[in-house]
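Trainee: I would like a close look at a single part of this model, and then how that part sits in the rest of the chain. Please take it in one go.

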Amino acid sequence: MVKVVQIKDKQGKPSLHELVNRLDGMLENMVYRGEDNVNVLLASISYCIFKLNDELEDQEIIKTIDEVLSQYMSKKTKK
């Protein structure tokens with residue numbers, strides 16, 4: 001008889017390296033399938049910000065995210 005074992009019982013806690021590899025694979029897959037790289041990145045950022053806001057429900061996190069994004073945007077426009 002086949003024994004059913006839940007996947008979470010076989011795997012440990014995901015590492016940061018594994019998370020980054022999976023996100024990178026997702027990005028590459030979407031671009032390969034024809035989506036614009038920037039659109040995928042912006043959609044990912046938007047989703048992550050939404051989930052952070054949902055999880056933390058803190059206005060301070062919104063200010064922090066805004067500051068970080070502003071730094072990246074100012075570096076991008078200087079190039």
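Mentor: Take Leu 52. Once neighbours within four places in sequence are set aside, Leu 52 is in contact with Glu 57 and Ile 65. This is a predicted model, and everything below is computed from it. Leu 52 lies in helix α3, which covers residues 37-56. Its relative accessibility is 35%, so Leu 52 counts as partly exposed; the buried class would need a value under 20%.

The chain as a whole gives the setting. Its secondary structure consists of four helices and zero strands, in the order α-α-α-α along the sequence. The radius of gyration is 18 Å, well over the 12 Å that the globule rule gives for 79 residues, so the chain is more spread out than a compact globule. The C-alpha trace spans about 65 × 35 × 20 Å along its principal axes. Of the 79 residues, 4% count as buried. The chain exposes about 7800 Å², and carbon and sulfur atoms supply 58% of that area.

Helix α2 has 17 residues and reaches 24 Å from its first C-alpha to its last, close to the 24 Å expected at 1.5 Å a residue. Just after α2, Gly 34 has a positive phi of about 110°.

The structure holds one salt bridge. Arg 22 forms a salt bridge with Glu 18, and their closest N and O atoms are 3.1 Å apart. Side chains of opposite charge can pair when their charged atoms come close. Arg 22 and Glu 18 are separated by about one helical turn, because they are four residues apart in α2. An α-helix has 3.6 residues a turn, so residues three or four places apart point the same way. Arg 22 is exposed, at 56% relative accessible area, whereas Glu 18 is partly exposed, at 28%.

There is also a nonpolar surface patch of about 540 Å², made by Leu 16, Leu 19, Val 20, Leu 23, Met 26 and Met 30. Leu 23, one of these residues, belongs to α2, which runs over residues 16-32. With a relative accessibility of 46%, Leu 23 counts as partly exposed. Leu 52, where we began, also counts as partly exposed, at 35%.

Methods. Residues are numbered from 1 along each chain as its sequence is written. This is a predicted model: local features need pLDDT of at least 70, side-chain atom pairs count only at pLDDT 80 or more; totals for chains, interfaces and linings use all residues. Side-chain values use heavy atoms; hydrogens and water are left out. Patches are made of residues with over 30% relative accessible area and no salt bridge: like charges are joined within 9 Å, nonpolar side chains (Val, Leu, Ile, Met, Phe, Trp, Tyr) within 5 Å. Accessible areas come from the Shrake-Rupley method with a 1.4 Å probe; for residues, only the protein chains shown count as cover. A salt bridge is a side-chain nitrogen of Lys or Arg within 4 Å of a carboxyl oxygen of Asp or Glu. Helices (H or I, at least four residues) and strands (E, at least two) are DSSP runs, numbered from the N terminus. Buried means under 20% relative accessible area, exposed over 50%, partly exposed in between (1.4 Å probe, protein chains only). The expected span of a helix is 1.5 Å times one less than its number of residues. Contact means heavy atoms within 4.5 Å. The radius of gyration is taken over C-alpha atoms; the globule rule is 2.2 Å times the number of residues to the power 0.38.
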